[in-house]
Amino acid sequence: MLRSSSFAGFRGGPAARASASQDRIPRLPVSPVRRSLVSLLWALALTVPVLPAAPQSAPGPRDVVTRAYTFKYQRASEAVVLAYPLLSSKGTVELQPSGNTLVIRDTLTSVERIMPALRAYDHPSRSLRLEIYVVKASRATVSPQVQRSDLPEELTKRLRGLFAYDSFEKQAQAQLAGVEGQWVVYELGPDYKVSFRFGSLTQDRQVKLSNFRIIRRDEGRETELLAANVMLPLDHVTSLGIASRESSREALMVVLTLREGDAATARK
């Protein structure tokens, strides 16, 4: 009776069989089905032609498209108010704070109008300086009326042309320097404190003072006189009046003038 051997097919004795077993590279078993599938995939890869993409027509002026702009220097949140008025009735603007990005969805015509405005807005921070006066204004109670002011002559003329007051008494004055996006907190003498954050200079040469606050101290107590977001054009005097009513004989006024550049540049 013959016995099968696991070494069948090798020639030579035991030494020859051992040498052949050591020199041979072992192979992993591959199923016939898997080998056939791999071969088929290679065949398809070699025979299927790569076709160019079908040409697509460009979007028309009224087609709705999506564009995203990631700001490098400025805050995307502040650019929303810049983009919103430029949208069409079909348009939307989405703020992505984590990426400092605005996503605009609108007609091609509107998007092509908005994107250059965003690029122009996204500039490196510029130096700004704010001149501020806190002024007590009053009407004379005697006749003839006596006009007096300790403010600069040009500023006095401007205030008298805007408001029906005879006397202007300076309570505090300061020149505040900073850069776009910076918070400013300033003590205006012992009686007043002002705080705000400089916004970014827009294409129409305006800067928003965010959360602009004036606080007055009186006998250890603090009273908030004004809290608002104020839009200031460059090189233009802006006057804010604080009074109990329009016919009041006295009012507190905050006079603001914003300019570009720091104080050192202005003196040159």
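What share of the 268 residues of the chain counts as buried? The figure is 32%. The model is predicted, and the chain holds 6 helices and 12 strands. Of the contacts with a separation of 6 or more, 59% are between residues 24 or more positions apart.

**Colour by confidence**

Start by colouring the whole chain by pLDDT. The chain average is 80, and 74% of the residues reach at least 70. Among the elements, strand β3 (residues 101–107) has the highest mean pLDDT, 96, and helix α1 (residues 14–23) has the lowest, 47. Now select residues 1–21. The pLDDT is below 50 over this stretch, which makes 5 contacts in the model beyond near neighbours in sequence. Where pLDDT is low, predicted coordinates should not be read in detail.

**Select β7 to β10**

Next, select strands β7, β8, β9 and β10. They form an open sheet of 4 strands, in the order β7-β8-β9-β10, with antiparallel pairing. β7 and β10 are the edge strands; each has a single partner strand, so one side of each is left without a neighbour in the sheet. On average, neighbouring strands of this sheet are turned by 15° against each other, direction ignored.

Zoom in on β7 (residues 183–188) and β8 (residues 192–198). These two run antiparallel and are joined by 6 bridges. Show Y186 and, opposite it in β8, V194. The hairpin of β7 and β8 has 3 residues between the strands; select G189 there, which takes a positive phi near 70°.

Move across to the other partner of β8. β8 and β9 pair over 6 bridges, again in the antiparallel sense. As an example, display R197 with its bridge partner in β9, S210.

**Show the nonpolar cores**

Display side chains for L130, I132, F196, F212 and I214. These residues touch the most other members of the largest nonpolar core, which has 28 residues. Two or more residues of this core come from each of β4 (127–138), β6 (167–179), β7, β8, β9 (206–218), β10 (221–233) and β12 (250–260). Another core, of 16 residues, lies apart from it; V65, Y69, A79 and L82 are among its members.

Return to I214 and show its surroundings. Leaving aside neighbours within four places in sequence, I214 is in contact with I132, Y192, K193, V194, T223, E224, L225, L226 and V254.

**Select helix α4**

Select residues 108–121, which make up helix α4. At 1.5 Å a residue, its 14 residues should span 20 Å, and the end C-alpha atoms are 20 Å apart, so the two agree. Which residues of α4 are buried? They are L108, S110, V111, I114, M115, A117, L118 and Y121.

**Finish at S138**

Last, select S138, which lies in strand β4. Is S138 buried or exposed? Its relative accessibility is 17%; buried means under 20%, so S138 counts as buried. Show its contacts beyond neighbours within four places in sequence: Y165, D166, S167, R249 and E250.

Notes. Residues are numbered from 1 along each chain as its sequence is written. Side-chain values use heavy atoms; hydrogens and water are left out. Two strands pair if DSSP finds at least two bridges between them. A nonpolar core is a set of buried Ala, Val, Leu, Ile, Met, Phe, Trp, Tyr and Cys residues joined through side-chain atoms within 4.5 Å. Buried means under 20% relative accessible area, exposed over 50%, partly exposed in between (1.4 Å probe, protein chains only). Contact means heavy atoms within 4.5 Å. pLDDT is the predictor's confidence in each residue, from 0 to 100. Axes are lines fitted to C-alpha atoms, for helices over the stretch in contact, and angles run from 0 to 180 degrees between N-to-C directions. The expected span of a helix is 1.5 Å times one less than its number of residues.
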